[in-house]
Amino acid sequence: MAVSINSIHLRLLPNRTTSETIRATVERLNAVSMWLIETAGAHRLRDRNVIQRMYYHEMREQFGLPSQMALRVIVRCIAATKAGKGTPPAFDVHDPVPYGPNMVSFRSLTAASLLTLEGRVEVPLKVLGYGEERFGTALLTWKPEGVWMTVPCNLPPEP
C-alpha cells in the first residue's frame with residue numbers, strides 16, 4: 001500500500017551563532033503574534049485587510065520585522081483566531097513558527113537558506129523522514145536541543 005507524502009521532516013544543523021539567530025527570530029515572531037492577537041483582539045478585528053492596514057507598519061518598526069515576516073504573522077494570527085472559535089489563541093515563546101516560501105529556500109538536499117531577523121543564513125540540514133501531515137507553510141521549531149523544520153510538499157504516492 002502506497003503512502004501519500006505530504007511533508008518532509010528536517011533536522012537543521014546550525015552552528016552556535018546561527019542557532020542563536022534562529023532562536024531570537026522564533027521568539028520575536030511568537031512575541032509579535034501574541035502582541036497582535038491582544039491588540040487586534042481588543043478591537044475585535046478579524047479582517048486581514050483591516051489588520052494589515054492598521055498594524056503592518058507598526059509591527060515592522062516596533063519589532064524590526066522584515067515585510068515577509070510581518071505578513072506571515074498577520075496570516076498566522078487570523079488563522080489561529082478563526083480556528084479558536086471564540087477563544088483567543090495563545091502562543092508560547094518557542095512555538096513553531098510558519099515560514100512561507102519567500103522565507104526559506106533549499107540550496108541543495110543538504111542546505112537551506114532561512115530568513116532571520118539578521119538577514120538570510122545558510123544552514124546545513126539532514127532529512128529525517130516523511131510525513132502525512134497536510135498544512136500550508138513550513139514550520140520552524142527551535143528548542144535548546146536542536147532546530148527542526150517540517151516542510152509541506154506535494155509528491156505523488158510511490159507506485
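The lining of the largest cavity consists of Leu-29, Ser-33, Met-69, Arg-72, Val-73, Arg-76, Val-97, Pro-98 and Met-103, a cavity being a set of points, on a 1 Å grid over the protein atoms alone, where a 1.4 Å probe fits but cannot get out, and a lining residue being one with an atom within 4 Å of a point. The model is predicted, so that local features need pLDDT of at least 70 and side-chain atom pairs count only at pLDDT 80 or more, whereas totals for chains, interfaces and linings use all residues. Residues are numbered from 1 along each chain as its sequence is written, and side-chain values use heavy atoms, with hydrogens and water left out.

A search of the whole structure finds one cavity of 30 Å³ or more. The space in the largest cavity amounts to about 40 Å³, where a volume is the space filled by probe spheres set on the grid points, which are joined across faces, edges and corners. At least two lining residues come from each of helix 1, helix 3 and strand 2 (97–99), with helices (H or I, at least four residues) and strands (E, at least two) taken as DSSP runs numbered from the N terminus. Helix 3 gives the most to this lining, with four residues. By class, the lining of the largest cavity holds six nonpolar residues, one polar and two charged; Ala, Val, Leu, Ile, Met, Phe, Trp, Tyr, Cys and Pro count as nonpolar, Asp, Glu, Lys and Arg as charged, and the others, Gly among them, as polar.

The largest pocket has a volume of about 320 Å³, a pocket being an open set of points with protein on both sides within 12 Å along at least five of seven lines. It is lined by 16 residues, of which Ile-37, Gly-41, Leu-45, Thr-81 and Pro-88 are the closest to its centre. Helix 1 and helix 3 (67–84) each supply at least two residues of this lining, which divides into nine nonpolar, four polar and three charged residues.

Two aromatic pairs are found in the whole structure. Trp-35 counts as buried because its relative accessibility is 17%, and Tyr-55 counts as buried at 5%, where buried means under 20% relative accessible area, exposed over 50% and partly exposed in between (1.4 Å probe, protein chains only). Ring pairs join Trp-35, Tyr-55 and Phe-63 into a cluster.

Conventions
Rings of Phe, Tyr and Trp (its six-membered ring) pair if their centres lie within 6.5 Å; planes under 30 degrees apart count as stacked, over 60 as edge-to-face and the rest as tilted.
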